[in-house]
Amino acid sequence: MANTTNPGLRACTQGISIPGDTAHLPGDSSIWVFVIGEMVTFSCYFAAYLFDHRQLHDVFLQSQGYLSPNLGALNTLVLLTSSLFVALSVHATRAGDSGVAARFVGLGGACGAGFACIKGVEWHSELAKGFTLGTNKFFMHYYMLTGVHLFHVLLGLVFLGIMWRELSGPGSPRVRLVETGATYWHMVDFLWIIIFPLLYLLR
Amino acid sequence: MKGYFRSPLTYVWSLLSTITILSWWLGTRAGSHPSGLNAISAAAVVLIACVKSRLVIRNFMEVSRAPMWLRVTSDSWLALTFGMIASFYFLSR
Amino acid sequence: MTDTPAMAAPAIQAPDLTRTKNLDQWICWWSIPVFYNLFGIVFVYLARLMPPPSPGLTTDQIIHFIRSNATHLQIAIVTLSLSLGLASLSSGIIVVQMRRMKGAGPALAYAYLAALAVAALPGCLFCGLMFALAAFRPDRDPALVVLLYDMGLLSFVGSLGCFIVQYMVFAIAIFLDEREIFPKWLGYMSIWGVVTELLAIPIWIFRSGPYAWNGLISFYLGTIIFVVWEFCLVVSLYKAIKTQPSQEVLA
Amino acid sequence: MNTTDQRICLWLVPGFGALLMLAFCIFPGFFPPLSPTLSAEEVATFYRNNVGPIRASMLICNVCGVAFIPFFMVIVVQMQRMANPSRAFAYSYLSAAASGATLFALADLAWLIAAFRPERDPQLTMLLNDLAWMAFVTPVGFILAQNLSLALGIYMDAQPRPVFPRWVGHFNIAAALLMTPGAFALMFMTGPLAWDGALAFWLRVGSYALYLAVMFFVVRAAIDRQAVEEGATA
């Protein structure tokens, strides 16, 4: 499994880029198929949310008042920090500094786990107040959006785990694999950057 | 390990964190009324979210150095998504 | 896999397989477009269950839907009963291709097979059966017709676990595979499959809106992703069979 | 021989097992189990008053209920390594596992459909409730077939170092016997053999949980051995 790059796909993506362009596509090109697809599907969730927001303005306004923007903002900062660690880990991997890269991935993963824990605390406090998935349309969107995002975070933690194993194993790590995982993790980050104002701030 | 923090990425991260706190302040303190957010704060919150997403995509995901098709795709997506958010949100007020 | 009987005795006069180059797999492969076209005709055109009628219909509207649609429903479900077996053919060929993978053993292939064996009943035929019952005696007590209607559509859109297992093991197998039998992006797309199943969770709670069983997200987005996934799977299978040497020994 | 795939399937068990345990604990009708002697009105009231927890619990079951299949398939793969005359038992095990999971999926659907419209005619809610409990408690035949084919495979495994130790065979038969009384819940409204009884419910559920926990460690040991043996011979 020396090189996981698919020659066909590589040729394909190089073919699309403009000649003379020294562009570099980070990671496996397959991950970009995934990222672009996720961007489109999340846009659909946002559209559904905004549509209902428009229809049921008062219900949404009132329900949004019960969320905690402080925890939402804290989670944004946690995820941004984790993205920084993961991005630095890619730099370290390219510099051949696997040990440091592995530590960066570990820190990124710790922040990601922190995000999941904070989300758990937040959900718990909403559930304790009696707001469940079935309470109203706003909480339906709230739990589905944050839940699907949390699923992506957990999957991202699996990706980070695979990256960590690659970096701390013997031999030189595959840069492309680390880039692939990092790309996925940053996607999780910027999706949350949009979800945060949408649910917590825009009332 | 410390040497790696002397990277442009760290500046991007501090910018991202600062504007996150700014948008939190706008959304909860400055512009917040019982009847919702005032229009200027809301516009600022949407704009900040758009800038943040683009910073992450361009710098952390390294799309600024990626092939043209990807830069165009990601920017079009941002334009469409935030256009949709802004128009829906302001139309419903 | 050292104990595989087929691999133990390769030397003795291998039968000539070049004449029927992967013919069995091609037969199974063709069953997939045939089945999904029939599936589309059955559910979209004949039974009018895709897109599904709303969960918010009143009892009278549900009864009207069944009565005015009874003949169509019956023809649809007869067709479904006759053709649902074709779905097994597509599992057969996917299992063959999954077993060609290196780095992913047969456990995942068997799990795929078993998950789809489970899914055929609650995820598809059960729905047909319930609507067949409703259409068989449309003059039944209205409350019973509503019950059959709920049982049919909820099981059809809301059987989640079996499909989650199917997508999950398929994705894991693709990621572990060192031979690239299927492209990696098909693995990522299978993760979308898992997500679409999770998005169908609220159909058990809401009777209107984007997450109802006829909603923008739970039904339309899920169905679009499923159709795209199925299309990519068929194309990838085509490529995998095309590039498979006919003499390759398979378990 | 690469055993990564088997290990992934194996570790799904504690993950999904924990979620199913959570679902079991939040279902309001398990502590104590809902009695079969309740009137239709009482059953309907139960669904009306507990709609939230019933949906939460049964939705978790919907998502995770079939998730032990990959683990059972690891057992199938391990059974194929046995020195049996043929692989018949392994394939029987596969088929029984799939059918058993189908019945659990149906029981789960019935619970969820009952909770979907709590305002339904109480007689129909009771019908769905009966269907759910019957489909959950009584079809033990597939578990029996699974355990007995595994046990027979173990007894007939003619290797100096069999894939699974002998006691696993005895354990499978014992677990199968402990789950047998569940089938009689079809006949009894009260007593230990009713679906809320000590034998038909608690013994069955408890021994199944214990069975999965023990088999997790047994299978893990078998995979470890396979990795060592086939790594050494390759």
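Predicted model: local features only at pLDDT ≥ 70, side-chain atom pairs only at ≥ 80, totals over all residues.
Residues are numbered from 1 along each chain as its sequence is written, chains are lettered from A in the order in which they are written, and side-chain values use heavy atoms, with hydrogens and water left out.

Start by showing chains A and B: of the three pairs of chains in contact (heavy atoms within 4.5 Å), this one shares the most contacts. Chain D doesn't touch chain B either, with 29 Å between their nearest C-alpha atoms.

Back to A and B. Select the contact residues: 52 from chain B and 58 from chain A. Together the two chains bury about 4,800 Å², 77% of it on carbon and sulfur atoms; buried area is the accessible area (1.4 Å probe) that two parts lose on being put together, summed over both. On the chain B side, pick Tyr4(B), Met61(B) and Trp77(B), which lose the most area to chain A.

Next, zoom in on Glu62(B) and Arg94(A). They form a salt bridge, with the closest N and O atoms 2.8 Å apart. The term covers a side-chain nitrogen of Lys or Arg within 4 Å of a carboxyl oxygen of Asp or Glu. The count between these two chains is one.
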